[in-house]
Amino acid sequence: MTTERPGADEPDSGEPDETTAPDPASNGARRSKTRLAARGLGHGFGDGTVLEDISLAVEPGEILAVVGPSGTGKTTLFRLLAMFERPDEGTVEVGGDDVWGLPEARRLAVRRRVGMAFQTRSLFSTTVEENVSYGLRVRRSWSARVRDAVEGLFGREEPSETVEDALRTVGMFDKVGRDAGSLSAGEAQRVAIARALAPDPDVLLLDEPTSNLDPRNTAAIESAMRAARDRGIAVALATHDMQQARRVSDRTAVILGGTCIESGPTDEVFESPDDDRVRQFVEGKLVY
Ligand SMILES: Nc1ncnc2c1ncn2[C@@H]1O[C@H](COP(=O)(O)OP(=O)(O)OP(=O)(O)O)[C@@H](O)[C@H]1O
């Protein structure tokens, strides 16, 4: 299995890939052409190496599944992609910019184009609506924030259209006024994803978004991933659920022992992998 979408495993062009981006005329909505790429990423803690020489890319309008056994470094990788930490080696590129080579103000601006929902669900102790509008407030300009503050003084009866859209995408609009603390784990995860979607990011990073969730919440989250993909967002999903990777992703990258040993179209990775360890892993025969 060697076929790749053009440029997908070689994050070297720095330019949006016109061949893989959705046709703006086809959905009429947004069309970012921002790809997220990692090149030669290496990272460790103390004396231990966790990630070694990882190169992968997620293109606009696709879902990339990053799969691997527990402890193989998926969360560490996603934390690097989200720019929470600077990699020991290699680069993270958003829209062709090496993010750690940018002045801090520009890096923060780039970070705002990357939405994320991580395993540790961390909603604020306030309403669902306020949680989802938080990301918007962070992204907005100073003048828009002043306007928000003024509106806040007088109170707003209705959630903004953007918040409504994001909540509808995850099937949670009926909970808009609820206190976030009263939500189930699955509902909270859906709100966390709505919060990441509200600012209309170019890239969406989801780390194990459905672990320990029931089928209904899982289906809602998978549907939101597809909706984001169909809007042209580059979606990366870390999961240890092979069935989920097969259901939702266009391409899959397999991380074993802290390095990416194979990536390509999901069907090919699962049905005819090049590497025997990948075959054993996707068949559940490789125990780490
Ligand atoms: N801050 C840290 N300090 C030290 N070691 C860490 C730190 N974060 C992660 N690790 C170690 O790095 C390795 C990879 O952890 P990581 O959470 O990235 O794996 P994972 O593939 O996401 O696992 P899981 O599927 O269980 O979430 C583990 O051995 C973990 O203990």
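**Talking through the fold**

Author: Happy to! Let's start inside: leaving out residues up to four places away in sequence, Val191 touches Leu123, Val128, Asn131, Val132, Met172, Ala180 and Leu183. Keep in mind that this is a predicted model.

Reader: Which residues have the most contacts inside the largest nonpolar core?

Author: Val191 is one of them, along with Val66, Ile193, Ala194, Val235 and Leu237, in a core of 70 residues. Helix H7, residues 185-197, gives the largest share of this core, with seven residues.

Reader: Nice. Let me zoom out for a second. How many helices and strands are there in the protein chain?

Author: Eleven helices and ten strands. The chain has 288 residues, and 43% of them are buried.

Reader: And what part of the contacts with a separation of 6 or more comes from residues 24 or more positions apart?

Author: Those account for 69% of them.

Reader: OK, sheets next. What is the order of the six strands in the open sheet?

Author: The order is E6-E7-E8-E3-E9-E10, with mixed pairing. E6 (114-117) and E10 are the edge strands, each pairing on one side only. On average, neighbouring strands in this sheet are turned by 15° against each other, ignoring direction.

Reader: Let's stay on E9. Why is it largely enclosed by the rest of the structure?

Author: Because six of the six residues in E9 (residues 251-256) are buried. That covers both faces: Arg251, Ala253 and Ile255 are buried on one side, and Thr252, Val254 and Leu256 on the other.

Reader: Which way do E3 and E9 run, parallel or antiparallel?

Author: Parallel, with four bridges joining E3 (residues 63-67) to E9. Within that pairing, Leu64 has Arg251 as its bridge partner.

Reader: And E9 with E10, parallel or antiparallel?

Author: Antiparallel this time, over six bridges, with E10 spanning residues 259-265. Leu256 is bridged to Thr259 there. The two strands form a hairpin with two residues between them, and Gly257 in the turn has a positive phi of about 60°.

Reader: What about E7 and E8, how many bridges join them?

Author: Five, and E7 (residues 203-207) runs parallel to E8 (residues 234-239).

Reader: Great. Changing topic: which residues are around the ligand?

Author: They are Phe45, Val50, Gly68, Ser70, Gly71, Thr72, Gly73, Lys74, Thr75, Thr76 and His240. By class, that makes two nonpolar, eight polar and one charged.

Reader: Which helix gives the largest share of that shell?

Author: Helix H2, residues 74-81, with three residues.

Reader: Which strands does H2 lie across?

Author: In the six-stranded sheet, H2 lies across E3, E7, E8 and E9, at about 155° to E7.

Technical notes. Residues numbered from 1 in each chain as written. Predicted model: local features only at pLDDT ≥ 70, side-chain atom pairs only at ≥ 80, totals over all residues. Near = placed C-beta within 6 Å. Nonpolar A, V, L, I, M, F, W, Y, C, P; charged D, E, K, R; others polar. Core = buried A, V, L, I, M, F, W, Y, C linked by C-beta atoms within 7 Å. Buried ≥ 20, exposed ≤ 12 C-beta atoms within 10 Å, placed from the backbone. Contact = placed C-beta atoms within 7 Å. Pairing = 2+ DSSP bridges. Axes fitted to C-alpha atoms, helices over the stretch in contact; angles between N-to-C directions.
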